[in-house]
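Colleague: Can you walk me through this model? Keep it short, please.
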Amino acid sequence: MQHTADVQPLPLRELMPALILGAFLVLMIYLVQFDQGAISQTGVFLHELMHDGRHLLGVPCH
Ligand SMILES: [Zn+2]
């Protein structure tokens, strides 16, 4: 028996919510863990704002 699956490429329109969510999560992970004011230009504000999250995730902090 020959299996002929009719595979269609996923339209970008349907892929977009997943891409936006992924980009958002990457941005949040970056801001919580690595930024430290380097790009956001908030100085220690973001660092202090997300301080508990940093320690919860075991990110090197102080
Ligand atoms: Zn800390």
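Colleague: Where is L19 found?
Modeller: L19 sits in helix 1, residues 12-35. Helices are DSSP runs of H or I with at least four residues, strands are runs of E with at least two, and both are numbered from the N terminus. This is a predicted model: local features need pLDDT of at least 70, side-chain atom pairs count only at pLDDT 80 or more, and totals for chains, interfaces and linings use all residues. Residues are numbered from 1 along each chain as its sequence is written, and side-chain values use heavy atoms, leaving out hydrogens and water.

Colleague: Why does L19 count as partly exposed?
Modeller: Because its relative accessibility is 44%. Buried means under 20% relative accessible area, exposed means over 50%, and partly exposed is in between (1.4 Å probe, protein chains only).

Colleague: And H47, buried or exposed?
Modeller: H47 counts as buried, because its relative accessibility is 13%. H47 lies in helix 2, residues 45-49.

Colleague: What does H47 touch?
Modeller: Q36, R54 and C61, leaving aside residues up to four places away in sequence. Contact means heavy atoms within 4.5 Å.

Colleague: New topic. How many helices and strands are in the chain?
Modeller: Three helices and zero strands.

Colleague: How much of the chain is buried?
Modeller: Buried residues are 18% of the 62 residues.

Colleague: What box do the C-alpha atoms fill?
Modeller: Roughly 65 × 25 × 15 Å, along the principal axes.
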